[in-house]
Amino acid sequence: MSNKFDRRGDANESLSEIFCDEIEATAIQQPCRESRIVGISSSQKGEIEQFEEYMYNPSTIRVVSTIGAAWFFYDFSITCFSCTMAQDGAGGSGLWILGTWVVEAVVGSVLLLVAILFSVSKLHSLCKRNYNTVCAISLVSAYLGMIFPQVMIEIRRSMFQQLTSSHQYDHVHWQIDTSHTLPIRRCNNTNPFLLWKNHSGHRPIGCNSVVLSGSTYCFYILVTLLPTVLQMTSASCFFINCIDSLVFLVSLVATGSMGLTMISAVVFQFTSGLFASYFCAVSHRIARAEFAVEKSIERASERNGNLLYTLIPRNVMARLASHDGGDMLGRAIPHCTIMFCALEQEEDLQAAFTVDVFDLLSSLFADFDDAVERSGMFKYQHVGGWYIVACPRAERPFDEEEYAAEYPQHHTLSMLRLAHELSR
């Protein structure tokens, strides 16, 4: 049949062919959330927005932000407001201690605000559009909130030369020598055994750098890997990795931690961030492929439905969906205009069936379909030599409002005009 006839659903086109054609479509290579595309069509823009919605994961960022906020508030509270003000063991007045740890309260507030923003339904579109940006700000803030107090402790230890207010640790001396181009950290511990024997979890251990201690370094790596949990784009993950690694490097240089230890720590963290970026890229590639498959199935289902609707009206299909299947489904149509059409020489044409005859009939019935659609009538069916047209009531047999109203007389007039058009 001609393209005009196929557009209405040629019954010879199988549903499986439609489905396979859609499934074999190339996976949608959509850009990342933050990409800006010039000159895209409205359908492509709609698919990009649908993919953003598909990847949008507000529940995870809410959980991560809430846990992070709770941890920062807790650590700030137990350090600054419980027991003694000097319990972080680095020396200095209460203002020094508050200045060291207040950044945790600020970061906790930021993370709490993020959790609230992603919980407000009215901000759904805004949060979705800026998902990667907000996640990046949250993770960089969390990283700063963890490393800044450790840097301040190192500086205070060098300035005030003490672990606690007592003198039982006078054998440990720290110094950050700033007389050179780059600071150099020096420490002398004349009695390591005594220090380990009296160590408390609230105080740093002797000459060990708190910036590089295992208890904090593991959290640096955790923040670097969190973009994979939040399903961020690889570009955003790489950006966070660069910022965190730069902050880590500056912190180590500022506290005088030079040499192989500094290099290995920075390289390990940066490498962890690169792996996180790679996993984010793979995750998005898989997500795009899955999204493409879902869209293909959705389009195939829509095309199959449209093909089915050429045989069974939508109103009937909707009623069939809610029918229990017990009794036969049907209803009387009290008033309806119907027209039966047939070609006078159709049997002769079919008897001498050739390609030219096939194309002729295809073009003719395609013109019939166009005429029926323009008139607002309903093509009831085309069986054998009969082309049957009915008024719109036959298309909506279960529309109660349609049957409650008086039969429109213009249906009859439209059918007469259609008959006149088809007979020409």
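Colleague: In what sense do strand 4 and strand 5 pair, and over how many bridges?
Modeller: Strand 4 (residues 378–383) and strand 5 pair in the antiparallel sense over 5 bridges, where strands are DSSP runs of E with at least two residues and helices are runs of H or I with at least four, numbered from the N terminus, and two strands pair if DSSP finds at least two bridges between them. This is a predicted model, in which local features need pLDDT of at least 70 and side-chain atom pairs count only at pLDDT 80 or more, while totals for chains, interfaces and linings use all residues. Residues are numbered from 1 along each chain as its sequence is written, and side-chain values use heavy atoms, with hydrogens and water left out.

Colleague: What lies between strand 4 and strand 5?
Modeller: The two strands form a hairpin with 2 residues between them, and Gly384 in the turn has a positive phi of about 60°. Within the pairing, Lys379 stands opposite Val389 in strand 5.

Colleague: Which residue is the bridge partner of Phe340 in strand 5?
Modeller: That partner is Ile388, and strand 3 (residues 338–341), antiparallel to strand 5, is joined to strand 5 by 4 bridges.

Colleague: Why is strand 5 described as largely enclosed?
Modeller: Because 4 of the 5 residues of strand 5 (residues 386–390) are buried, the rest of the structure largely encloses this strand; buried means under 20% relative accessible area, exposed over 50%, and partly exposed in between, with a 1.4 Å probe and protein chains only.

Colleague: Back to Lys379, what does it form with Asp369?
Modeller: Lys379 forms a salt bridge with Asp369, the closest N and O atoms being 3.3 Å apart, a salt bridge being a side-chain nitrogen of Lys or Arg within 4 Å of a carboxyl oxygen of Asp or Glu. Lys379 lies in strand 4 and Asp369 in helix 14 (residues 355–375), so the pair ties together parts that are 10 residues apart in sequence. Asp369 is buried, with a relative accessible area of 6%, whereas Lys379 counts as partly exposed at 28%.

Colleague: How many salt bridges are there in the whole structure?
Modeller: A search finds 4, and one of them joins the side chains of Arg374 and Glu421 at 2.5 Å, N to O. Arg374 lies in helix 14 and Glu421 in helix 16 (residues 410–423), so this pair links parts that are 47 residues apart in sequence.
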